[in-house]
Amino acid sequence: MDNEKKWNNIRSNRNALLVQSDWCVLPDSPLPPELLQAMKEYRQKLRDITKDFENPDDVVFPINPLEVIE
């Protein structure tokens, strides 16, 4: 698979993860402040993936804080 296809797959996965976590940052989110902040940082790391990695083979997705507490 060429790099362009890899980046497209990464963006697609990233976008799906952002959509899945949209509810966390809505004004009526039930999350406590500490977890809300962790989710905001997680979502920022997702958005920065294409800036933080030059090689698509090196990409490591951040861990969703909600998965850690479950």
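I started with Lys51, which counts as exposed because its relative accessibility is 66%, over the 50% cut-off. I keep in mind that this is a predicted model.

**Entry: Lys51 and its partner**

I looked up what the side chain of Lys51 meets. It meets the side chain of Asp48 in a salt bridge, at 3.7 Å from N to O. I then checked where the two sit. Asp48 and Lys51 are three residues apart in helix 2, so about one helical turn separates them. I noted the general point too: side chains of opposite charge can pair when their charged atoms come close.

**Entry: the other salt bridges**

How many salt bridges does the structure hold? I found three. One of them joins Lys6 and Asp57, with the closest N and O atoms 2.9 Å apart. This pair links distant parts of the chain. I placed Lys6 in helix 1 and Asp57 in the loop between helix 2 and helix 3 (65-69), 51 residues apart.

Asp22 and Arg43 form another, at 3.1 Å from N to O. Here too, distant parts of the chain are linked: Asp22 lies in the loop between helix 1 and helix 2, Arg43 in helix 2, and 21 residues separate them.

**Entry: Ser21**

I turned to Ser21, in the loop between helix 1 and helix 2. Ser21 is buried, with a relative accessible area of 2%. Which side chain does the Ser21 side chain make a polar contact with? I found that of Arg43, at 2.9 Å. Leaving out residues up to four places away in sequence, Ser21 touches Met39, Tyr42 and Arg43. I note that Arg43 also has the salt bridge with Asp22.

**Entry: helix 1**

I traced helix 1 over residues 3-20, which makes 18 residues. From first C-alpha to last, helix 1 reaches 26 Å, close to the 26 Å expected at 1.5 Å a residue.

Which residues of helix 1 are buried? I listed Trp7, Ile10, Arg14 and Leu18. Seen down the axis, the buried residues of helix 1 fall within an arc of 75°, so they line one face of the helix. I looked at the other side of helix 1 and found Lys5, Val19 and Gln20 exposed. Last, I checked what covers the buried residues of helix 1, and the cover includes helix 2 (33-52).

Methods. Residues are numbered from 1 along each chain as its sequence is written. This is a predicted model: local features need pLDDT of at least 70, side-chain atom pairs count only at pLDDT 80 or more; totals for chains, interfaces and linings use all residues. Side-chain values use heavy atoms; hydrogens and water are left out. Helices (H or I, at least four residues) and strands (E, at least two) are DSSP runs, numbered from the N terminus. The expected span of a helix is 1.5 Å times one less than its number of residues. Buried means under 20% relative accessible area, exposed over 50%, partly exposed in between (1.4 Å probe, protein chains only). The arc is that of the directions from the helix axis to the C-beta atoms. Contact means heavy atoms within 4.5 Å. A salt bridge is a side-chain nitrogen of Lys or Arg within 4 Å of a carboxyl oxygen of Asp or Glu. A polar contact is a pair of N or O atoms within 3.5 Å; within protein, one must be able to donate a hydrogen and the other to accept it, and residues adjacent in sequence count only if both atoms are side-chain atoms.
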